[in-house]
Amino acid sequence: MSTALSSDFSVFQYQSRPEWLIRPDVPQAKATEPPVLLAPKQIFNPPPLAKAQAQLAFLEESVQAPSFAEIYAGRILTSGEEGESVKTVQKLLTQVGFGVASTGIYGKTTADQVKAFQKAWEIQTNGVVGPTTLKALEKAQTEGSPLAKRIAKEAEKIASARGTVGQCYNAVAEAIENQVPAFLSGMHAWMAAEQLAAHPRFREVSVPHDLSKLKPGTIVVWAKGNSPSGHISVCLGKGLEASDHLAPQMQSHYGGGKARAFEPQ
């Protein structure tokens with residue numbers, strides 16, 4: 001910010017000229033004449049300018065985002081702030097399905113995605129990142145959402161109780177629709193893929209070479225290939241899956257179809 005003042009002193013009225021503009025070493029004119037004023041270059045850091053500089057410094061400091069250590073200590077990351085911690089939060093959001101550009105600026109889109117994440121993870125929905133939200137974001141990198149955990153628990157319970165073969169779609173649909181309103185339809189397991197892809201509470205994720213690395217609660221749908229129905233199951237973690245029975249996590253399907261994976265959000 002420039003410290004130079006305008007050479008136009010018309011804004012200073014005689015009756016209100018501040019004392020700090022009057023030179024004490026210059027004899028002053030009679031009361032009917034205006035006092036001698038300092039030239040602009042002779043004025044150094046007048047109080048109004050100093051106050052403006054202090055306000056600017058405060059604003060610049062106030063938009064600097066807190067570090068993760070400061071957030072865990074109680075600081076709040078919120079709209080208008082900028083920095084590396086904002087960029088990291090944006091990356092964490094994107095990696096768990098709440099995409100936002102990694103700009104390092106906490107704008108409206110970031111706040112909206114934070115709210116969406118908070119809603120999915122069933123924590124206070126306020127659009128700011130405090131200790132609870134930050135902990136959930138970091139946890140979400142390796143664990144399923146609360147909905148995913150409930151679906152996994154429900155699927156394991158149903159598969160254990162049934163212990164059948166050939167009814168995978170019916171069993172998995174029951175596990176899912178015990179947690180969200182019914183939306184799955186069709187006679188064959190492979191038909192679930194597009195319905196899950198279109199549903200707001202599920203997001204499609206890349207299928208790893210080893211499907212046991214998927215987060216618990218992830219729904220795996222196998223295309224029919226040369227089979228009539230394909231297959232559907234819920235990943236339970238630890239190398240297990242649940243359909244209408246418990247089994248080791250399927251790595252390939254006999255029909256030759258490819259797998260698609262959907263994480264509950």
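## Getting oriented

Residue numbers start from 1 along each chain, following the sequence as written. Because the model is predicted, local features need pLDDT of at least 70 and side-chain atom pairs count only at pLDDT 80 or more, while totals for chains, interfaces and linings use all residues, and side-chain values rest on heavy atoms, with hydrogens and water left out.

The chain holds eight helices and six strands. Both kinds of element are DSSP runs numbered from the N terminus: helices are H or I with at least four residues, and strands are E with at least two. Read from the N terminus, the order is α-α-α-α-α-α-α-α-β-β-β-β-β-β.

Of the chain's 265 residues, 39% count as buried. Here buried means under 20% relative accessible area, exposed means over 50%, and partly exposed lies in between (1.4 Å probe, protein chains only). Contacts are heavy atoms within 4.5 Å. Among contacts in the chain with a separation of 6 or more, 52% join residues 24 or more positions apart.

## Two nonpolar cores

In soluble globular proteins, nonpolar side chains tend to be buried together. A nonpolar core, as used here, is a set of buried Ala, Val, Leu, Ile, Met, Phe, Trp, Tyr and Cys residues joined through side-chain atoms within 4.5 Å.

The largest such core has 27 residues, and those touching the most other members are Ile176, Leu196, Ile219, Val221 and Ile232. Two or more residues each are given to this core by helix 6 (146-162), helix 7 (168-177), helix 8 (192-198), strand 2 (219-222) and strand 3 (231-237). Helix 7 supplies the largest share, seven residues. Setting aside neighbours within four places in sequence, isoleucine 176 is in contact with Ile151, Phe183, Leu184, Leu196, Phe202 and Ile219. There is also a second, separate core of 21 residues, with Ala65, Val86, Val89 and Tyr106 among them.

## How helix 6 meets helix 7

The axes of helix 6 and helix 7 come within 8 Å and cross at roughly 140°. That angle makes helix 6 oblique to helix 7. Axes are lines fitted to C-alpha atoms, for helices over the stretch in contact, with angles from 0 to 180 degrees between N-to-C directions. Angles under 35 degrees count as roughly parallel, over 145 as roughly antiparallel, 65 to 115 as roughly perpendicular, and the rest as oblique.

On the helix 6 side, the contact is made by Ile151, Glu154, Ala155, Ile158 and Arg162; on the helix 7 side, by Asn170, Ala171, Glu174, Ala175 and Ile176.

Proline 66 sits in the loop between helix 1 (47-62) and helix 2 (68-72). Proline 66 counts as buried because its relative accessibility is 0%. Beyond its neighbours within four places in sequence, proline 66 is in contact with Ile71, Arg75, Ile76, Leu77, Glu81 and Ser85. Its C-alpha atom is 8.0 Å from that of glycine 83, which is 17 residues apart from it along the chain.

Glutamate 122 is in the loop between helix 4 (108-120) and helix 5 (131-139). This residue is not a glycine, yet has a positive phi of about 60°. Its relative accessible area of 47% makes glutamate 122 partly exposed.

Lysine 238 belongs to the loop between strand 3 and strand 4 (240-242). Its phi is positive too, near 55°, and lysine 238 is exposed, with a relative accessible area of 85%.
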